[in-house]
Amino acid sequence: GKSTVAINLAAALAQMERVLLIDADMRRPSVAAALALPVNTSGLSDVLAHTAELDACVRKIDAGFDVLPAGTPPDNPQEMLSTLRFKTMVLGLSEHYDRIII
């Protein structure tokens with residue numbers, strides 16, 4: 001339910017604004033599958049683990065918004081989301097997007 005609501009909200013807001021949807025559910029990611037993106041493709045966890053570049057992980061969707069998939073399932077998803085790197089990443093992204101949905 002949460003992922004469906006987030007996807008629909010992103011699609012609605014994308015009609016008027018630049019929107020990024022971040023799938024932060026790294027234990028059971030579902031956004032990539034719902035949007036027909038390859039599952040376990042590089043994403044948020046890979047960016048936070050320094051194994052992929054952010055620009056390479058953000059995908060454009062036909063619905064008019066961008067998506068940052070959850071990425072490779074990590075051992076410590078909660079710890080990754082509480083890092084300064086995550087906060088800095090979101091602050092940097094806020095300069096390029098009107099709305100960021102996590």
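This is a predicted model: local features need pLDDT of at least 70, side-chain atom pairs count only at pLDDT 80 or more; totals for chains, interfaces and linings use all residues.

Residues are numbered from 1 along each chain as its sequence is written, and side-chain values use heavy atoms, with hydrogens and water left out.

Side chains of opposite charge can pair when their charged atoms come close. How many salt bridges does the structure hold? There are three. The term stands for a side-chain nitrogen of Lys or Arg within 4 Å of a carboxyl oxygen of Asp or Glu.

Start with Arg 99 and Glu 17, whose side chains form a salt bridge at 2.9 Å, N to O. This pair links distant parts of the chain, 82 residues apart. Arg 99 sits in strand 4 (residues 99-101), and Glu 17 in the loop between helix 1 (2-13) and strand 1 (19-22). Helices (H or I, at least four residues) and strands (E, at least two) are DSSP runs, numbered from the N terminus. Arg 99 is partly exposed at 41% relative accessibility. Glu 17 is partly exposed too, at 23%. Buried means under 20% relative accessible area, exposed over 50%, and partly exposed in between, with a 1.4 Å probe and protein chains only.

Next come Arg 18 and Asp 98, in a salt bridge at 3.2 Å, N to O. Here 80 residues separate the partners: Arg 18 is in the loop between helix 1 and strand 1, Asp 98 in the loop between helix 6 (84-93) and strand 4. Arg 18 is partly exposed at 46%, and Asp 98 is partly exposed at 41%.

Lys 60 and Asp 66 also form a salt bridge, at 3.0 Å, N to O. Asp 66 is buried, at 9%.

Now the interior. A nonpolar core is a set of buried Ala, Val, Leu, Ile, Met, Phe, Trp, Tyr and Cys residues joined through side-chain atoms within 4.5 Å. The largest one has 16 residues, and those touching the most other members include Leu 20, Phe 86 and Leu 93. Strand 1, helix 3 (44-48) and helix 6 each give two or more residues to this core. Helix 6 supplies the largest share, four residues.

Leu 20 has contacts (heavy atoms within 4.5 Å) beyond four places away in sequence, among them Asp 66, Leu 93 and Arg 99.
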